[in-house]
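Welcome! Please open the model in your viewer and keep the sequence beside it.

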Amino acid sequence: MAERLTQLIATGKEMGLSGTALQEWVKEREDREREEHVKEREERAKEREVVERAKEREAVERAKEAEARTKEKEADVEIHKLRVRELELRETKGEIKEHIKPIWKPKLPPFNENVDQIDAYLARFEVHAQATEIPKTQWGSHLYTLLQGKALQACINFSKKDLEEDDKVKEVLMKRYNLTDDGYREKFHKAKPERNQPFHEFVEDITRYLMRW
């Protein structure tokens, strides 16, 4: 403040002002600059408020979208349960004819990340889905019912439409378990035979890493 006052006095003197005229001019400039600073602070405060409100609205919208996806999934699950129940009742009453295929129920065990390797499990699921003639658009939803742990968490926010694209589901799972080009390269270099693992299985593992790398 003292430095600015000195600058104003020097400027006023250069303009030929002195005495009372200089004092009044300096005071006027100080008042004007003070008002400008106040306005700048108010404008910055308003800008911050606008940004915060925008963030709040965005957070609310994301929460609404997540809630809508959750409700949609819950509704799909309930519809599936009702269909299964209806078929079970009709089968009990002998209403289902031989030419009508019963609804497919997964026969694969759920994915266990402590035992299964996700890439091998996905390949196994694909073979099983083809053998049981599951429509391609239903692969993602059937695979979803077999997931648990980190694999399930990776797909938890998928919508019904997302689950119709099984390639998208597989891509997310592969990334979740670091099975990208870099991930396979790392696995290849760090691979070691597990305890009591047959040598031919170890060779198959590193060969798979190398081929996918």
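This tour goes from confidence to a helix pair and then to a salt bridge.

Before you start, note that this is a predicted model, in which local features need pLDDT of at least 70 and side-chain atom pairs count only at pLDDT 80 or more, while totals for chains, interfaces and linings use all residues. Residues are numbered from 1 along each chain as its sequence is written, and side-chain values use heavy atoms, with hydrogens and water left out.

**Stop one: confidence.** Colour the chain by pLDDT (the predictor's confidence in each residue, from 0 to 100). The mean for the protein chain is 80, and 78% of its residues reach 70 or more. Select helix H4 (residues 139–144), where confidence is highest at 91, then helix H9 (residues 199–212), where it is lowest at a mean of 65. Helices here are DSSP runs of H or I with at least four residues, numbered from the N terminus.

**Stop two: a helix pair.** Select H3 (residues 118–131) and H7 (residues 166–176), which pack at an angle of about 160° with their axes 10 Å apart. Axes are lines fitted to C-alpha atoms over the stretch in contact, and angles run from 0 to 180 degrees between N-to-C directions. H3 and H7 are therefore roughly antiparallel (an angle over 145 degrees). Now show Ile118, Asp119, Leu122 and Glu126 in H3, which meet Lys170, Leu173 and Met174 in H7 (contact means heavy atoms within 4.5 Å).

**Stop three: a salt bridge.** Which side chain meets aspartate 166 in a salt bridge? Select lysine 136: the N to O distance is 2.6 Å. Aspartate 166 lies in helix H7 and lysine 136 in the loop between H3 and H4, 30 residues apart. The rule asks for a side-chain nitrogen of Lys or Arg within 4 Å of a carboxyl oxygen of Asp or Glu.

Technical notes:
Helices (H or I, at least four residues) and strands (E, at least two) are DSSP runs, numbered from the N terminus. Angles under 35 degrees count as roughly parallel, over 145 as roughly antiparallel, 65 to 115 as roughly perpendicular and the rest as oblique.
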